[in-house]
Amino acid sequence: MKQKRVYLLGTLIIGTLVLGACGSGNGTGADSTASPTDSNAIGDGGTITVYTGRHYGIEPVFEQFTADTGIEVRFTTGNDPELRERLIAEGANTPADVIMTADAANIELSADAGVLASVDSDILTTTIPAELRSDANDWFSLSQRARVVIASTERVENPPTTYADVGDPEWQGKLCLRPSTHPYTQSLVASLIIAEGEERATEIVQSWVDNDPLYIDSDTDIYNAVANGECDVAIANTYYLGRLLTEDPDFPVEIVWPEQDERGAHVNVSTAAVTANAPNPESALALIEWLAGDGQQQFVDANFEYPVDPNVEPNEIVGGFGEFTADLDAVRQLGGNQPAAVKVLSAAGYE
Ligand SMILES: [Fe+2]
């Protein structure tokens with residue numbers, strides 16, 4: 001009974017926040033800890049508290065973790081920056097055992113603020129490639145999310161195959177992009193800076209702007225804009241197409257893997273960390289190990305993302321997008337290059 005109440009709380013939170021999951025970086029957070037609690041000892045394995053900026057399909061994943069381990073999960077959703085700020089403000093009094101993010105930069109900023117714990121886990125270091133976890137072992141990627149070129153299957157014969165090609169004059173008035181304020185845009189431009197240098201990255205972004213793009217602050221809306229003919233090409237995350245194809249197998253938009261002769265497509269990651277002041281650090285680590293191990297398939301499939309464990313296959317629809325080379329080398333540099341990315345976007349007049 002108590003278990004159900006915990007998850008009902010989570011359901012309500014998700015219900016109010018799902019629109020903000022990939023919306024602007026300034027959404028409001030939900031506060032499960034503001035609700036009355038009468039016990040910390042629910043279930044055989046106790047209860048842990050998770051702050052998560054990664055929302056999609058998370059509730060059934062936590063339910064399965066509880067079924068497997070007996071550890072209950074109380075979770076609070078919000079956007080990555082506000083959950084980080086909350087963790088920092090709470091300091092030693094935080095109830096959070098685990099923090100999860102939807103991108104690499106935000107977990108790096110948490111690490112820099114000293115609110116993450118370094119952990120010693122053979123399971124995590126053998127399962128997760130070194131490019132996808134910190135050297136200090138204070139955060140770990142749990143899934144990869146690729147941001148790629150997308151194109152109409154009805155109107156585009158030769159889509160761009162590099163991010164720079166999106167700036168070709170051929171796409172003048174036919175391009176849709178996410179605004180500069182969104183972390184997805186900033187991380188993409190950070191990856192351009194890492195690969196090509198700030199000067200060349202500015203030229204590329206300027207060429208996008210010169211194509212007079214339609215700015216849309218939702219990847220789902222971007223996919224629909226390509227399908228509807230508002231634009232022919234765009235840049236978006238692949239997992240949204242997984243969702244759209246589930247509803248309509250003939251959805252007329254395709255993924256074009258960029259930079260396949262070079263560094264690979266830009267990928268960001270979902271991450272998790274044990275907090276420095278976790279009340280239940282052992283159970284916190286158990287959750288992260290489970291998400292990287294027994295729960296990895298369910299976690300990535302819940303949002304059509306790519307596994308971090310090379311031995312786990314992506315979901316069937318995701319597998320249909322084909323194999324690709326990912327720009328893994330950049331992942332741990334995205335956070336450090338975020339300020340430069342903001343500067344480049346501003347200099348290019350990117351809205
Ligand atoms: Fe998203």
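A search of the whole structure, which is a predicted model, finds one disulfide. This bond is formed by Cys 176 and Cys 231, whose sulfur atoms lie 2.0 Å apart.

**Disulfide**

- The torsion about the S-S bond of Cys 176 and Cys 231 is about -100°, and the disulfide is therefore left-handed.
- Because Cys 176 belongs to strand β5 (residues 175–177) while Cys 231 sits in the loop between α8 (219–228) and β7 (233–237), the pair ties together parts that are 55 residues apart in sequence.
- Cys 176 counts as buried, with a relative accessibility of 0%, and Cys 231 is buried as well, at a relative accessible area of 1%.

**Nonpolar cores**

- The largest nonpolar core has 94 residues, of which Val 50, Met 100, Ile 150, Val 205, Trp 208 and Tyr 223 touch the most other members.
- When residues up to four places away in sequence are left out, the contacts of Val 50 are Phe 62, Val 73, Arg 74, Phe 75, Thr 76, Val 98, Met 100 and Leu 287.

**Helix α2**

- Helix α2 (residues 58–69) comprises 12 residues and reaches 17 Å from its first C-alpha to its last, which is close to the 16 Å expected at 1.5 Å a residue.
- Ile 58, Glu 59, Val 61, Phe 62, Phe 65 and Thr 66 are buried in α2, and because they cover an arc of only 160° around the axis, they lie on the same side of the helix.
- Gly 70, which follows α2, has a positive phi, near 80°.

Notes
Residues numbered from 1 in each chain as written. Predicted model: local features only at pLDDT ≥ 70, side-chain atom pairs only at ≥ 80, totals over all residues. Heavy atoms only, no water. Core = buried A, V, L, I, M, F, W, Y, C linked by side-chain atoms within 4.5 Å. Buried < 20%, exposed > 50% of the residue type's maximum accessible area, 1.4 Å probe, protein only. Contact = heavy atoms within 4.5 Å. Helix = DSSP H or I, 4+ residues; strand = E, 2+ residues; numbered from the N terminus. Expected span 1.5 Å × (residues − 1). Arc of directions from axis to C-beta. Disulfide = S-S within 2.5 Å.
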